[in-house]
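Subject: Structure for your files

Hello,

Here is the structure I said I would pass on. My notes on it come after the structure itself.

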Amino acid sequence: SLLDSKNVCWYFSRWICLPKGCFCSYTEGKSLRDDEILQNLPVGTTATMYFKDLGPQLGWTMVFLAEYIGPLLSYLLFYFRIPYFYSNRYALSSSPHPVVTLACVCHTFHYTKRLIETIFVHRFSHGTMPLRTIVKNCAYYWGFSAWLAYYINHPLYTPPCKSVRVCHIQHVFLLYFHHIKAKLSFSTAYGELQVNYALILFVMCEMGNFSIHLTLNKLRGDGPKGRRFPMPNKNPFTWLFFFVSCPNYTYEVGAWVSFSIMTQCLPVAFYTLLGFIQMTIWAKGKHRAYIREFKDYPSLRVAIIPLIL
């Protein structure tokens, strides 16, 4: 395997730092996994391998502590309305709308679940992540979490209406324009029913996401030599494997769609759209990898949205 080759190189050339480096088939090529077998690589009988220095690395524990604890704390700061985030008269106050508290509970649960899965469920092919990548990921998660929390916990936030009437939401765009107020008027007939149904959908998607991660964890129990593609089991949440290759992304998108419906907040919908685009790219890549690796891969499956995408 390439890991054995790494160890040999390290033995003869002690300047090589194993966690910081990887092998590539050519200078600008994609990094190869340590469990790759040399004779299985599409390089012919002879090949030149390049050792790439990936720069400063961080272990996965620190990576996900930084990525996921950040959104947890930043959201709670806005929920408790720490001074200087809003007007001083709202400092350390609480919202009178139950949906604001419900949104905080759902957001906290989501990222707590991610941390638990990272520590106890997920298995990673690489033991470290480049420092430049974690900086980019933290900027994404922390920034969007603060942006969502700012509007959902804003004193002028208005939840979904309780009856058929025109609602007025005043958004004060202090981050960009200090003197511009935008008033968005819309009609809805859902109110508490909208929030309750969104909550049910959110809980189901979170349970489905967790079920898929458990299934993938068991799938990798045999190591690289026992690789096989995931199949549905007795758990109904895994039946989505009949139609898509990456139902964990399907459930993840569903959870954020339900959170958008629950809060009826435009920044949340925008964040959901960006997440969907990124997860679609990942899902398509995984789907193509399954098709290349397994000749008997089910033809009915698509990447992320059943029968569509």
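This is a predicted model: local features need pLDDT of at least 70, side-chain atom pairs count only at pLDDT 80 or more; totals for chains, interfaces and linings use all residues.

Helices α3 and α6

Helix α3 covers residues 98-120 and helix α6 residues 247-263; their axes come within 10 Å and cross at roughly 165 degrees. An angle over 145 degrees counts as roughly antiparallel, and α3 and α6 are therefore roughly antiparallel to each other. The crossing of α3 past α6 is left-handed. On the α3 side, the contact is made by Val99, Leu102, Ala103, Cys106, His107, His110, Tyr111 and Arg114, and α6 contributes Glu252, Trp256, Phe259, Met262 and Thr263. Sorted by class, the residues in this contact of α3 with α6 are eight nonpolar, three polar and two charged.

Helices α4 and α7

For helix α4 (residues 131-152) and helix α7 (residues 266-293), the axes come within 9 Å, with a crossing angle of roughly 155 degrees. This pair, α4 and α7, is therefore also roughly antiparallel. From α4, the contact involves Tyr140, Tyr141, Phe144, Trp147, Leu148, Tyr151 and Ile152; from α7, it involves Pro267, Val268, Phe270, Tyr271, Leu274 and Gly275. The contact of α4 with α7 has 12 nonpolar residues, one polar residue and no charged residues.

Thr280

Helix α7 also holds Thr280. Its relative accessibility is 10%, so Thr280 counts as buried, the cut-off being under 20%. Leaving aside residues up to four places away in sequence, Thr280 touches Ile304 and Leu309.

Regards

How values were computed:
Residues are numbered from 1 along each chain as its sequence is written. Side-chain values use heavy atoms; hydrogens and water are left out. Axes are lines fitted to C-alpha atoms, for helices over the stretch in contact, and angles run from 0 to 180 degrees between N-to-C directions. Helices (H or I, at least four residues) and strands (E, at least two) are DSSP runs, numbered from the N terminus. Angles under 35 degrees count as roughly parallel, over 145 as roughly antiparallel, 65 to 115 as roughly perpendicular and the rest as oblique. A crossing is left-handed if the near helix is turned anticlockwise from the far one by less than a right angle, and right-handed if clockwise. Contact means heavy atoms within 4.5 Å. Ala, Val, Leu, Ile, Met, Phe, Trp, Tyr, Cys and Pro count as nonpolar, Asp, Glu, Lys and Arg as charged, and the others, Gly among them, as polar. Buried means under 20% relative accessible area, exposed over 50%, partly exposed in between (1.4 Å probe, protein chains only).
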